[in-house]
Amino acid sequence: VMRWIVRAPQNHEASVRLESEHVILHSFSPGLRARLPFQLPTVVGSADSRGLKTFVYPEVPGEVLDIEELARRSHVVSPEREPLATQVGKMIATIHTLPAEMVQEADLPIYSNEQCRRRMLSELDRAASTGKIPSALLRRWEAWLEDESMWQFRPTAVHGDLTEDNLVLDGTLLTAVRGWHDLHVGDPAIDFSWLMSCPDQEFTDAIIEVYSVQLPHAPDQFLLRRAYLHAEFALAQWLVRSLEQDDRESVDEAVSMLRALESDLRESGALND
């Protein structure tokens, strides 16, 4: 039985994300899709409702797991398929070797490494102006953003919103990758930021090792440090967005998570006053 997924945005921001994803999915030619080691969603129809567009996709069967369960399943050894960490490493390498022309032809953003750095610096200014971010965190991020040697990477096509929520699995097989609304050319480290919170270091190390072997060139030496920066800074970006939307509950939650992050980093000796 064919099942369908109907995605109806509740607000303008969600509608823009869905429309972007629709354009991006169209830019994957059948030939390119055939080379991917995972499935992509396919839009089969759309309809306008209250000025917002609703999209219909065939369902890709499978489940979405939290990061701990992903890591646990990666230790399952099976003769039929590669470990999950290997599949994830290959998946990220495949995305990062997509042709930049494809991104350009879909009229999606292409950022140089210096543009990536400057964009984050201006977002840091915006975050600092809220007065709600611990100053030790601001200093840590600013030091990393001011250190130009950390930003000497090769800009590549990136998924841009890679998290466990966008991976669809069938047992220990990675079947599909979703959430393509933020595809662009930029910092490859952004697609590793979701792994920085994984408690199973072995899982993360295995993914990065496979990724490094699959790439036509070695990843830059600061990839992981920037991945940590993206992961930490995502909280500040969420805070700014919540303030702009006047979402008090999310603002309080973001502030408390930023304080917890500061306290964890202080405890581990990663923060200097």
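Contact, as used in these exercises, means heavy atoms within 4.5 Å. The structure is a predicted model, in which local features need pLDDT of at least 70 and side-chain atom pairs count only at pLDDT 80 or more, while totals for chains, interfaces and linings use all residues. Residues are numbered from 1 along each chain as its sequence is written, and side-chain values use heavy atoms, with hydrogens and water left out.

**Exercise 1. Locate Leu-261 and determine which residues it touches.**

Step 1. Leu-261 belongs to helix H10, residues 248-267; helices (H or I, at least four residues) and strands (E, at least two) are DSSP runs, numbered from the N terminus.

Step 2. The relative accessible area of Leu-261 is 16%, so the residue is buried. The cut-offs are under 20% for buried and over 50% for exposed, with partly exposed in between (1.4 Å probe, protein chains only).

Step 3. When residues up to four places away in sequence are not counted, Leu-261 touches Leu-137, Trp-141, Glu-232 and Leu-235.

Step 4. Between Leu-261 and Ala-85 there are 27 Å in space, C-alpha to C-alpha, and 176 residues in sequence.

**Exercise 2. State which residues touch the most other members of the largest nonpolar core.**

Step 1. A nonpolar core is a set of buried Ala, Val, Leu, Ile, Met, Phe, Trp, Tyr and Cys residues joined through side-chain atoms within 4.5 Å.

Step 2. The largest such core has 49 residues, and those touching the most other members are Phe-28, Met-91, Leu-167, Trp-180 and Phe-192. Helix H4 (residues 84-96) gives the most to this core, namely seven residues.

Step 3. Apart from neighbours within four places in sequence, Met-91 is in contact with Phe-38, Leu-162, Leu-167, Leu-174 and Val-177.

Step 4. A second, separate core has 30 residues, among them Leu-121, Ala-127, Leu-145 and Leu-261.

**Exercise 3. Identify where Asp-107 and Asp-246 lie, and give the phi of each.**

Step 1. Most residues other than glycine have a negative phi, and most peptide bonds are trans.

Step 2. Asp-107 has a positive phi of about 60° although it is not a glycine. Its place is the loop between helix H5 (100-105) and helix H6 (113-128), where Asp-107 is exposed, with a relative accessible area of 71%.

Step 3. Asp-246, also not a glycine, has a positive phi of about 55°. The loop between helix H9 (223-244) and H10 contains Asp-246.
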